[in-house]
Amino acid sequence: MERGLVVRGLTKRFDGKTAVDGLDVDLSPGETVAVVGPNGAGKSTTFLCLAGLLRPDAGTIAFDGRPLGAERGQTIALIPEAPDVYPMLTVWEHLAFVAALTRRPAGWESRAESLLERLELSGERDTLGHALSKGMRQKTLIAATVLGDAPVLLLDEPMVGLDPLGQRELRTILAGLRADGHALMFSTHQLESAAALCDRMLILDHGRVVAAATVDELRARGGSLEDVFLDITAT
Amino acid sequence: MNAVGALFYGDRRRLGNELHRIRNDPRRLLLWSAYALFLLFFGWMRVRGGHVHDPASAAIERGFGDLMLCLILGAMGAVLIGALRSVTGAFSSRTEALLFARATLPPAWIAAYLQARNVAVILARSLTRSAYAVVLIIPRGTAAAALVAYVAVLLCAAVAVLSLVLPVALARGGWLVAARVAGGCFIALGLLVAVGDLAPALGTAAPLPAWHLAGLIAALTHGALWILLVPLAIAAVTSALFARAVRDAIPELYTLSIERLDGLAQRSTRRELPLQARIPRGRTATSSTAPGWAQGTLAFVWLDARAWRRVGAANLALTCGLVLVVGAGLGGVARQPDAVLLMTSAITLAMLWLLLGSFGGMRLTREMRRPLFWLGDASLTMRLAAWAFAGLWRDAIVLAVGALGFAVVASHPRQTLDGLVAGLGLAILSRAIGLVVFAILPGTIVQTGPAALLRTALVLLFILPPLFAALIVGFLTVSALAGTVAALLIALGEAVLLTTLAAWRLAGRVDILAG
């Protein structure tokens with residue numbers, strides 16, 4: 001049995017145009033994969049399909065050998081590029097809502113408290129969503145996602161809109177989640193920043209995986225990561 | 001927490017926090033309190049003095065009941081053919097869709113909850129937009145019990161109609177075809193009821209036996225509560241079948257919500273663009289090749305037309321068909337010797353048109369983010385005028401189609417021309433007032449309630465000078481057309497003054513657009 005997330009032949013079309021074309025992805029527990037590609041390469045569509053918000057036209061998704069159907073959102077959690085939290089819910093109420101929807105067992109509160117502590121959100125516990133910065137909103141959704149016990153986390157363009165300090169904090173948080181055994185996949189356009197965080201890189205172009213390798217393997221092709229990326233996506 | 005409690009938790013807490021915020025700043029309720037007081041006052045004005053028992057009042061009450069029935073049937077038909085698809089938003093945000101996708105609750109429970117919430121949200125939104133209209137159009141002398149019965153019937157019928165919005169939006173293939181056919185049947189039935197009601201006045205045979213909602217209202221005031229149970233049962237059965245059928249429809253519900261969510265996101269970004277959206281007091285400095293206000297108006301018309309492409313050919317054809325039938329109906333009335341009936345019918349139609357137009361409000365905020373608004377060296381007043389009156393082409397089409405129906409049946413070119421000119425003047429005045437109301441009350445939510453009421457009230461006020469001008473000039477020249485043209489000129493003058501007032505109010509006041 002193959003552990004972790006296994007995606008085979010994922011395909012999604014919109015009005016006859018293929019956005020994701022037979023995508024194969026493997027993601028092991030504790031592994032971090034960066035998905036890079038030009039605009040319109042199919043990164044966000046892939047994430048939406050995996051998280052259960054778009055219905056794929058073809059392909060299979062399995063986790064730990066178990067095929068995932070419509071309920072795959074319980075296993076694969078997505079944090080969107082625009083972390084639009086509820087404006088009129090506090091940080092704590094977001095966590096309570098997730099705990100209720102995912103039927104967390106009694107005692108979830110202590111776990112939530114420790115998550116807030118770890119993400120340096122304790123001071124914002126009772127702050128309403130509309131008063132949170134983008135970084136805070138992102139942290140709130142990360143806390144809610146981790147509280148819901150999803151073993152696979154997808155982050156769509158997580159670094160966009162964050163200041164350097166926020167980016168550093170996010171990298172620390174993601175490293176912590178990886179250490180806890182979460183499988184992480186994030187999309188980005190910041191190649192060097194991604195290289196510092198991921199175990200492998202997946203380069204998408206026109207909905208297809210055109211390269212899948214470790215950062216060192218990509219660098220070995222010669223030139224900077226940017227040169228390699230442009231070279232691969234230009235062909 | 002049980003499944004139902006879990007589903008309601010988010011909305012319950014959001015409501016609680018909103019109430020808490022209002023308690024800390026009660027001024028936020030000031031405008032809405034005034035709106036509620038107005039509704040109560042006019043409601044009381046309508047029912048004070050009790051019910052009047054005379055044949056004329058009975059006929060008006062019966063006509064009003066039938067109008068309501070026609071509107072309910074028409075709304076049911078419009079929803080079934082998918083007219084409300086664009087306002088359907090199962091999820092309030094992308095994140096909410098993600099949270100529900102992760103829920104470990106039974107899918108049928110989630111579907112039922114989203115359906116119930118969708119009905120409640122659209123109903124609340126519709127109520128804020130139309131509550132004043134209901135109070136305004138209820139005939140004077142209506143008994144208090146009848147008023148309560150009218151409101152109860154409208155609410156229950158609205159629940160039944162709105163329970164179809166989400167199922168129709170998700171319907172595909174044969175179900176979609178069946179829904180559209182049923183929708184067409186409901187609209188046809190509504191028209192038959194209307195024609196049946198007008199038949200005696202037109203001197204023709206009614207296509208259907210008289211079917212008056214007033215009878216149902218009377219029965220309801222005497223305790224026949226089953227009348228309310230019928231629409232509620234329709235809503236319950238529709239919702240239950242929907243919840244059972246859709247099961248894992250979160251991807252479809254998400255896709256359905258995306259368009260509306262994107263629109264909301266566009267509006268919310270205005271708060272992040274205060275400097276770009278600043279309105280200069282004077283002229284904007286541009287090159288000499290920049291378009292003037294005339295080209296600007298054409299550009300706005302083009303943009304407006306592009307935006308209205310989304311309405312779709314089927315909806316456009318349906319609207320034109322309805323307007324044609326209404327125009328023909330009015331033409332039939334014009335063939336009768338009863339001039340009072342013609343005037344009453346024309347004024348009723350004009351009022352309905354104004355009420356429907358005021359529901360949407362006029363929002364300039366989005367336009368101000370478009371570079372087009374700032375191109376050219378025209379003054380702010382000219383730019384506002386270009387924007388506000390660019391949508392007149394739609395009014396002109398409605399008027400032209402209605403006039404065509406009228407002309408064919410009435411065979412009276414002079415009356416047709418008078419009606420066209422008067423309608424155009426009314427449309428111009430209504431748009432200018434919409435602009436000035438936006439300048440006074442720019443808040444998005446306010447636009448749906450108090451601002452709509454203010455807009456209607458101002459139209460009724462500003463329509464008086466053109467009306468008097470028409471009467472005086474018509475009397476002096478013994479020419480109805482001269483009177484109508486005089487009214488149009490006065491309306492144009494008022495529109496210029498109102499646009500100037502709006503420009504003065506908006507100039508350099510970007511802060512008022514953040515509401």
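The buried residues of helix 2 of chain A pack against helix 3 (108-118) and helix 4 (134-147) of chain A, and also against helix 1 and helix 4 of chain B. The structure is a predicted model, in which local features need pLDDT of at least 70, side-chain atom pairs count only at pLDDT 80 or more, and totals for chains, interfaces and linings use all residues. Residues are numbered from 1 along each chain as its sequence is written, while chains are lettered from A and ligands numbered from 1 in the order in which they are written. Helices (H or I, at least four residues) and strands (E, at least two) are DSSP runs, numbered from the N terminus.

Helix 2 of chain A covers residues 91-101, and eleven of its eleven residues are buried. A residue is counted as buried if 20 or more other C-beta atoms lie within 10 Å of its own, as exposed if 12 or fewer do, and as partly exposed in between, with C-beta atoms placed from the backbone. Among the buried residues are A:W92, A:E93, A:H94 and A:F97. Just after this helix, A:R103 takes a positive phi of about 50 degrees.

Chain A is divided into domain 1 (1-75 + 151-235) and domain 2 (82-149), with bounds from an automatic or database domain assignment. The C-alpha centres of the two domains lie 24 Å apart. Nine residues of domain 1 are in contact with seven residues of domain 2, a contact being two residues whose C-beta atoms, placed from the backbone, lie within 7 Å. Helix 5 (residues 164-179) of chain A gives the largest share of the domain 1 side, five residues. By class, that side has six nonpolar, two polar and one charged residues. Here Ala, Val, Leu, Ile, Met, Phe, Trp, Tyr, Cys and Pro count as nonpolar, Asp, Glu, Lys and Arg as charged, and the others, Gly among them, as polar.

Strand 1 (residues 5-14) and strand 2 (residues 17-27) of chain A run antiparallel and are joined by seven bridges; pairing requires that DSSP finds at least two bridges between two strands. A:V6 stands opposite A:D26 in strand 2. The two strands form a hairpin with two residues between them, and A:D15 in the turn has a positive phi of about 50 degrees.

Between the chains, 24 residues of chain B are in contact with 29 residues of chain A. Helix 1 (3-24), helix 4 (94-102) and helix 11 (250-268) of chain B are the elements that give two or more residues to the chain B side. The largest share, eight residues, comes from helix 1 of chain B. This side has twelve nonpolar, six polar and six charged residues.

Chain B has 22 helices and zero strands. Buried residues make up 38% of its 515 residues. Of the contacts in chain B with a separation of 6 or more, 84% join residues 24 or more positions apart. In helix 19 (residues 413-440) of chain B, 21 of the 28 residues are buried. The end C-alpha atoms of helix 19 are 41 Å apart, which agrees with the 40 Å that its 28 residues should span at 1.5 Å a residue; the expected span is 1.5 Å times one less than the number of residues.

The model scores ipTM 0.85 and pTM 0.75. Mean pLDDT, the predictor's confidence in each residue from 0 to 100, is 78 for chain B, where 76% of residues reach 70 or more. Within chain B, confidence is lowest in helix 16 (residues 371-374), at a mean of 62, and highest in helix 21 (residues 464-477), at 90. Over residues 267-290 of chain B pLDDT stays under 50, and the model has 31 contacts beyond four places in sequence for these residues.
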